[in-house]
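Hi,

Here is the structure I promised to pass on.

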Amino acid sequence: MSRIRIQIINPNTSQAMTEIIANAAREVAGAGSEIIAVCPSDGVPSIESHFDEAIAALGVLEQIKAGREQGVDGHIIACFGDPGLLAARELARAPVIGIAEAAMHLATLVSTRFSIVTTLPRTLIIARHLLERYGFSQHCAALHAIDLPVQALEDGSGRAQRKVRDCCIQAIKADGCGAIVLGCGAIVLGCGGMADLARTLSAELDVPVIDGVSAAVKMVESLVALGLSTSKHGDLAWPEAKLLSGKFHRFNSGGGSVR
Ligand code: 2AL
């Protein structure tokens, strides 16, 4: 099979987090896959509110358009709120996968009920909304927040990763869940060069611990291998042809629209 080029979009503007995500993706990517990691130049440094998500979604759409123009074979939105997912699918023919949906889908295949461990308590509602939207509410035993912001995951102290571990242990004891979904793109790396927190925790805690970045990479590879791309029928058809104005002019292409 020819080379699979996967664009992984960190929707926040943190270059350090983009590197973390890229490394995690490359660890699981097949030998024939190339990971192209990007983040928007304008936007928010971390995403942990509805406001942050609205801003981040625009950056995601710009990157999707750029990736499409470069001819990538698939796109990943590497933030646990899956910001801009359906709009991104309208702009793409290649598969577009969000890390939350990827992790939730895989969790249902290896457990009856999973728990989610994420960052700030205010982001729990974002995960709840996604569970409802994707039809996974009945599969989720409980949601937990480590009560630290996203940027604590990249401060190098390992404090946030230790809290993630403690939270996973509590969840397994209290929730009656069979698997854990890690609720942030940057959770994947621990401090001190720990290569893969999800894999380490899976082995230590003896339950599947799923991070969305690796889940999404393997899903995109599967879809590409099966020749499946985003449907261009119905609501995911290209957006209606219209000229965008002002600062959104950059979304227009030759035909005078986002097409
Ligand atoms: C996230 C994430 O994955 N990246 C980010 O900036 N915010 N979501 C989260 N719940 O912490």
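**Salt bridges and a sheet**

Glu-62 is partly exposed, with a relative accessible area of 24% (buried means under 20%, exposed over 50%, partly exposed in between, using a 1.4 Å probe and protein chains only). Before you go on: this is a predicted model, where local features need pLDDT of at least 70 and side-chain atom pairs count only at pLDDT 80 or more, while totals for chains, interfaces and linings use all residues. Residues are numbered from 1 along each chain as its sequence is written, and side-chain values use heavy atoms, leaving out hydrogens and water.

So what does Glu-62 form a salt bridge with? Its partner is Arg-250, with the closest N and O atoms 1.8 Å apart (a salt bridge is a side-chain nitrogen of Lys or Arg within 4 Å of a carboxyl oxygen of Asp or Glu). Arg-250 sits in the segment after α8 (212–225) and Glu-62 in helix α2 (residues 50–70), so the pair ties together parts 188 residues apart in sequence. Helices (H or I, at least four residues) and strands (E, at least two) are DSSP runs, numbered from the N terminus.

By this rule there are eight salt bridges.

In β8, Val-209 is the bridge partner of Ile-180.

Cheers

Methods. Two strands pair if DSSP finds at least two bridges between them.
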